[in-house]
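Take a look at the sequence and the structure below. This report walks through them in short steps.

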There are 2 protein chains.
Amino acid sequence: LRGLILLEGPNLFSAAASAGLRFETILATEDDFDTHQRAGRLGQRVTLVSDRVLSAAADADHPRSPVASAVAPEESVPRPANTVILVGLSDPGNAGTIIRTAAAFGWDVARTPNTVDLWGPKTLRAGAGAHFSTGIWSVPDIATLGDTHTVIATLPRPHVVSPPMPGPYALLVGNEAHGLDTEVVTEAHAVLSIPMAGDAESLNAAVAAGVAMYILDQ
Amino acid sequence: LRGLILLEGPNLFSAAASAGLRFETILATEDDFDTHQRAGRLGQRVTLVSDRVLSAAADADHPRSPVASAVAPEESVPRPANTVILVGLSDPGNAGTIIRTAAAFGWDVARTPNTVDLWGPKTLRAGAGAHFSTGIWSVPDIATLGDTHTVIATLPRPHVVSPPMPGPYALLVGNEAHGLDTEVVTEAHAVLSIPMAGDAESLNAAVAAGVAMYILDQ
């Protein structure tokens with residue numbers, strides 16, 4: 001049984017509608033003409049609510065109308081295309097931002113079982129609609145990725161400088177606080193480290209993933 | 001009169017302490033030995049508090065001990081070094097993430113008057129201590145930047161492809177929803193657009209700034 005997802009605000013709602021999602025519920029305020037019109041075209045009923053009810057139904061602190069629920073889309077089928085692998089990522093905002101970057105760069109996104117839910121409300125908001133324009137799949141076991149992908153571990157410091165390797169890439173991005181486990185790094189064919197100015201510095205996980213995807217695309 | 005800033009959690013607290021900030025108040029729980037030790041070495045008094053009081057004093061939903069306040073550091077003096085210019089940025093998390101990236105890449109950060117406060121609690125948390133290891137200054141008027149910097153506007157689509165130009169760069173990053181105003185873009189010497197896969201896609205402001213800094217560093 002797949003769960004329901006929450007689509008908050010006009011951009012997420014229209015991205016989901018364009019992707020053909022069927023909504024279970026659509027809550028909208030009276031002055032949200034766009035949603036009333038759009039739902040009418042889709043033949044879907046809208047429940048008229050006050051700002052207060054909209055806020056209560058939403059996860060965001062200051063939601064914009066509409067707030068809709070829908071059955072989560074089917075998971076994508078893994079494919080030999082460039083893919084960011086979220087390995088134990090815990091921050092939903094980072095996960096959503098990485099999905100947004102991946103869609104912009106034409107990459108897929110996959111997650112390991114210990115990574116935050118990619119379809120939670122915060123992740124959807126940070127994804128800004130990109131959830132519906134890129135492949136999102138699951139990796140039960142990092143070790144199997146090597147059959148279809150060149151596996152690249154992103155590490156903060158250049159322990160190893162790896163030669164350029166052909167794609168498609170599976171780019172491993174680790175947990176915000178702990179990074180990638182040693183066992184995971186040993187599964188990788190290559191290591192990518194983004195050059196930094198000082199030893200004490202570090203990059204946000206979503207920024208590191210974005211710069212790494214850009215580097216591998218060159 | 002400069003305001004007080006809020007330093008939440010051990011990492012921000014120790015980055016601020018290492019930078020020589022004097023704390024006005026330090027609240028810590030009884031089991032936070034590191035802070036008690038560190039404050040002792042600094043000759044600063046710690047107020048023992050319960051988890052509940054710590055939460056009430058903090059801005060974060062789930063703060064870690066300690067929570068300290070200090071007078072904001074003096075603003076840095078503008079200098080002809082690579083600098084990200086935040087032009088009307090409104091999200092404190094994005095601003096802090098850009099400060100973190102700038103510090104990692106050895107760049108300064110400056111803001112226009114209509115940009116979010118760079119020393120607010122959310123911006124400090126997203127900065128992860130980088131506020132204390134990079135220059136942070138103010139730009140009253142974009143037009144004056146051209147005297148000392150090569151001014152580069154980041155735009156989502158390549159309207160103009162600009163030739164490579166010598167630094168130091170002033171990289172203009174615009175508001176999350178509206179981007180850079182036309183008047184601001186006309187002040188730029190060059191335009192930088194990050195190549196994207198689809199026309200509908202876009203990048204988070206902090207990811208775009210990170211990739212742009214990386215490109216200009218090459």
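## A buried alanine

B:Ala188 counts as buried, because its relative accessibility is 18% and the cut-off for buried is under 20%. The model is predicted. B:Ala188 sits in a loop of chain B, between helix 6 (182–186) and strand 10 (190–192).

Which residues does B:Ala188 touch, leaving aside those up to four places away in sequence? They are B:Val151, B:Ile152 and B:Ala153. B:Ser55 is another matter. B:Ala188 and B:Ser55 are 133 residues apart in sequence, and their C-alpha atoms are 45 Å apart in space.

## Chain A in outline

Chain A contains seven helices and ten strands. Its C-alpha trace spans about 60 × 35 × 30 Å along the principal axes. The chain has 218 residues, and 53% of them count as buried. Now take the contacts in chain A between residues at least 6 apart in sequence. Of these, 71% join residues at least 24 apart.

The accessible surface of chain A is about 10300 Å². Carbon and sulfur atoms account for 52% of that surface. What about charge? Chain A carries 13 positive and 23 negative side chains. The centres of these two sets lie 9 Å apart.

## Two copies, one axis

How are chains A and B related? A rotation of 180 degrees superposes chain A on chain B, with an RMSD of 0.0 Å. The shift along the rotation axis is 0.0 Å. This is therefore the relation of a two-fold axis. Both copies use the same surface: 100% of the contact residues of chain A recur in chain B.

## Salt bridges in chain A

How many salt bridges does a search of the whole structure find over all chains? The search finds eight. One of them joins the side chains of A:Lys122 and A:Asp59, at 3.7 Å from N to O. A:Lys122 is in helix 5 (residues 121–127) of chain A, while A:Asp59 is in the loop between helix 3 (51–57) and strand 4 (67–71), so the pair ties together parts that are 63 residues apart in sequence. A:Lys122 is partly exposed, with a relative accessible area of 43%. A:Asp59 also counts as partly exposed, at 31% relative accessibility.

A:Asp59 forms a salt bridge with A:Arg125 too, at 2.9 Å from N to O. This pair again links distant parts of the chain: A:Asp59 in its loop and A:Arg125 in helix 5 are 66 residues apart. A:Arg125 has 30% relative accessibility and counts as partly exposed.

## Salt bridges in chain B

Now turn to chain B. The side chains of B:Arg125 and B:Asp59 meet in a salt bridge, at 2.9 Å from N to O. B:Arg125 belongs to helix 5 (residues 121–127) of chain B. B:Asp59 belongs to the loop between helix 3 (51–57) and strand 4 (67–71) of chain B. The two residues are 66 apart, and their pair links distant parts of the chain. B:Arg125 counts as partly exposed at 30% relative accessibility. B:Asp59 is partly exposed as well, with a relative accessible area of 32%.

Back in chain A, which residues do salt bridges with shared partners join into one network? The network consists of A:Glu8, A:Asp59, A:Lys122 and A:Arg125.

Terms used
Residues numbered from 1 in each chain as written. Chains lettered and ligands numbered in written order. Predicted model: local features only at pLDDT ≥ 70, side-chain atom pairs only at ≥ 80, totals over all residues. Heavy atoms only, no water. Least-squares fit on C-alpha atoms with pLDDT ≥ 70 in both. Contact = heavy atoms within 4.5 Å. Salt bridge = Lys/Arg side-chain N within 4 Å of Asp/Glu carboxyl O. Helix = DSSP H or I, 4+ residues; strand = E, 2+ residues; numbered from the N terminus. Buried < 20%, exposed > 50% of the residue type's maximum accessible area, 1.4 Å probe, protein only. Areas by Shrake-Rupley, 256 points an atom, 1.4 Å probe, with all protein chains shown as cover. Lys, Arg positive; Asp, Glu negative; His and termini not counted. Charge placed at Lys NZ, Arg CZ, Asp CG, Glu CD.
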